Amino acid sequence: MSPIITGLLLAGALSLFIITMSGRAGVLLAMKKENRLDRIPYRAVQLLRFGLGQQRMVDPEEFTPGLFHIFIYAAFMVLALRTVMMFVMGFSSTALEVLTDLSHPAWDAAPPLLFAYKLYLLLKDVVAGLALLGVAYFVWTRWKVKPDRMSQSWEAYLILGFIAGLMVTEFMFGGSHMVAAHAAAQQVPVGATQVPSTPSALVWWEPLTSLTGLLMMPLGPTVAHVLGVAGFFIHLAIILAFLNFLPLGKHFHIITGLPNVFFQRTHSTGKLPTPNLEKEEFGAATVKDLTWKNGLDLYSCTECGRCQTHCPTYITGKPLTHKAVNQDLKHWLWDNERWVEEGYGPNGIKEPLPEIIGSALKAETVWACTSCGWCEQACPVFIENVPRLIDMRRYQVQVKAEFPAEIQRVFEGMERQGNPWGIGQDQRDEWASDLALPTWGDEGGPYEYLFFVGCAGSYDDKQKKVSRALVKILREAGVSFATLSKQEMCNGDSARRMGNEYLYQTLAKTNVESWNSMGVKAVITQCPHCFNTIKNEYPEFGGEYRVINHTQLINELLNEKRIKLSSVMNTSTKLTYHDPCYLGRHNGVYDAPREVLKSIPGLEVVEMQRSKREGFCCGAGGGRMWMEEHIGTRINHNRINEVALTLKHAEDPNTPYPDAADKKKPGMVGDYKEQGGSGIVAVACPFCSTMLNDAKNDTGREQIQVKDITELVADALEPQHKGGTVSPSPVVSAKPE
């Protein structure tokens, strides 16, 4: 080949690439520092599983497109070595001869190396062929299927064309050498237009390349040689053009995706980063208040749209899709690199950076998120969307005092009375006035568990029944527990997720100091938000407790036969279960609630289409419990519609049920408007209970009952103790699922 042409192509392309990447890297270096080098072995395993292994690409809801994406990904990984070989061939005629002619004498001295090279060529051919299938699939998908999550763009077709071009030119280049070798064996003059003899058979180590050679054979060695040379330089040109195009669009993830997987968080998605308020870390005002990992997240967004498929805000028409947020922030960064790095604004004058809200994003976008976590569960490159939005809320609340008006009273209630309703602290234990519950610290201890009742369990009329039902179960099982009575205070979850970090930390530190002084070691919660906060976030303030959710505890009591269920439900009653986001998606507790429900005699449990890891939010998370929905349809209406359709379909299988595999419009199960579908929707969260009860009333679905799992168990409980005091029994440990 030509060292001059190869050298010019390489030098020009690399120069442009370095210029572009210096700007991209400079922005990351200008952003806030963050340590992501802890737990290296864990990160390495995650990189192998989800980066190199592409495990999330084949999640059930996107298995087929994920599989075809893996075909293309595998081709890039395998052909990377081949690309290096081709550049070497461009500079060295000897390398060209040796690497294209496996009968070359140089191979005689290393038969094992020759065999290994043949195996590599076989792998190269197979993955290149599969990549062409992948390209065809995605062209068809974008052109004909047009899934809702995919944005139509010329960039996608260009990249698919680049990929197809790389594979085809690789086959052309190799095929031309097979034609030349065949012509040499036949001693055909160079100027001949045709090879008279029968073409050679396919070779096992390059089946598709040799097939290409057979197709090129009738053209003659001269034309085949020209096509081969053209294929060689077109291949190199595509590679270099591709390289320079990557930092300009969504395919930047080819460069940044693997590092982003490696630098992912190493803890539960339910745990938010804790700012140092003493160092005046009051949230993200400008892009420089975001961390370099936040910036890497933006660079790594593939725009695949998986974050949208079960996103409650997107499905119900709110001004938030995490894909769009990522693109808006990313392009703002790219358009203002010098401003971020050096402080020079668009007019070349040094000036402060503008605030994110108002320049790149709208306030209603930031406040729309329910923090359900679907976007992070679905993202194949582990982009952390929720913490970034919460950090923006922190600035709006703590510095600018600009937030939805309705949450002012929530903050005041937590500050003055220790609960978001602002109801008097002296009324906190009225729900149990006739139960003679032990109070932690009184005589009769020590107790195994602190039963953290929670604000809803203490003040909300519906949730008070759940609290009483749980006490009935705990006493029947002989569990040693006590409450804090009037001394209990809110755990602070809603304050933190609404951006009031100062209030959250005040509540958290107060609770931890009090509990530690009382010797609390284990905590029972009936609210997933309490569960998540105490389990995942209190340890940062010294609150190391064994925390167990009430569904986990009830499941263990059933398994250990410490309680028995015998009352039979109405066998005609159908029941479905709604997964709370902060119990399921953020903490992985999916099985325990279902096992409890299946233990209730006579109860028929049917699953909703959107369940477990694909569960749909009730709309209350992220502090949205306390805010009004002014835009789009209500999230809880969408969910209760799915509940009704699920129960109706269980009664009558002929009821039309949207195909979950239909990607054109996600969430169609939430569009069900017909009446009918009676039964129970079981919940395990006071927020979910409130939202679904409100939704059933709003939509006229009075035939649906909303019941906490605890209430169902208490109703089916068979008393085993005939009067007298229930003595405490051995420790019930919180086993992880």
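These notebook entries record what I looked up in the structure.

**Entry 1: the model**

I noted that this is a predicted model, in which local features need pLDDT of at least 70, side-chain atom pairs count only at pLDDT 80 or more, and totals for chains, interfaces and linings use all residues. Residues are numbered from 1 along each chain as its sequence is written, and side-chain values use heavy atoms, with hydrogens and water left out.

**Entry 2: the sheet**

I began with the strands, which are DSSP runs of E of at least two residues, while helices are runs of H or I of at least four residues, both numbered from the N terminus. In general, strands of a sheet pair through backbone hydrogen bonds, either parallel or antiparallel. Two strands count as paired here if DSSP finds at least two bridges between them.

In what order do the four strands of the open sheet lie? I read the order as S2-S1-S3-S4, with parallel pairing. S2 and S4 (546–549) are the edge strands, each pairing on one side only.

I then went through the pairs. S1 (residues 449–452) is joined to S2 (residues 481–482) by two bridges, and Tyr449 stands opposite Phe481 in S2. Three bridges join S1 to S3 (residues 522–525), where Ile524 is the bridge partner of Phe451. S3 and S4 pair over four bridges, and Thr525 stands opposite Asn549 in S4.

Next I looked at the side chains of S1. Tyr449 and Phe451 point one way, Leu450 and Phe452 point the other way, and all are buried. Buried means under 20% relative accessible area, exposed means over 50%, and partly exposed lies in between (1.4 Å probe, protein chains only).

I looked up Pro446, which lies in the loop between H18 and S1. Is Pro446 buried or exposed? Pro446 is exposed, because its relative accessible area is 77%. From Pro446 to Ala482 I noted 36 residues in sequence and 9.1 Å in space, C-alpha to C-alpha.

**Entry 3: aromatic rings**

A pair of aromatic rings is described by the distance of the centres and the angle of the planes. Rings of Phe, Tyr and Trp (its six-membered ring) pair if their centres lie within 6.5 Å; planes under 30 degrees apart are stacked, over 60 edge-to-face, and the rest tilted. The whole structure holds 29 aromatic pairs.

Elsewhere, ring pairs link Phe68, Phe71, Tyr137, Phe138 and Trp140 into a cluster.

I also found charges over the ring of Tyr344. A charge sits over a ring if NZ of Lys or CZ of Arg is within 6 Å of the ring centre and within 35 degrees of the ring normal. The charged end of Arg338 is 4.3 Å from the centre of the Tyr344 ring, and that of Lys350 is 5.4 Å from the centre.

**Entry 4: nonpolar cores**

In soluble globular proteins, nonpolar side chains tend to be buried together. A nonpolar core is a set of buried Ala, Val, Leu, Ile, Met, Phe, Trp, Tyr and Cys residues joined through side-chain atoms within 4.5 Å. The largest core has 98 residues, and Tyr545 is one of the members that touch the most others. A second, separate core of 47 residues includes Phe68, Leu96, Val135 and Leu236.

Arg43 is found in helix H2 (residues 40–52). Arg43 counts as buried because its relative accessibility is 1%. Contact means heavy atoms within 4.5 Å; not counting residues up to four places away in sequence, Arg43 touches several residues, including Asp38, Phe262 and Gln264.

A polar contact is a pair of N or O atoms within 3.5 Å; within protein, one must be able to donate a hydrogen and the other to accept it, and residues adjacent in sequence count only if both atoms are side-chain atoms. A polar atom of the Arg43 side chain lies 3.1 Å from the backbone oxygen of Phe262.

Thr309 is in the loop between H10 (292–300) and H11 (312–315). At 11% relative accessibility, Thr309 also counts as buried. What does the side chain of Thr309 join through a polar contact of 3.3 Å? I found the side chain of Trp374. A polar atom of the Thr309 side chain also lies 3.0 Å from the backbone oxygen of Arg306.
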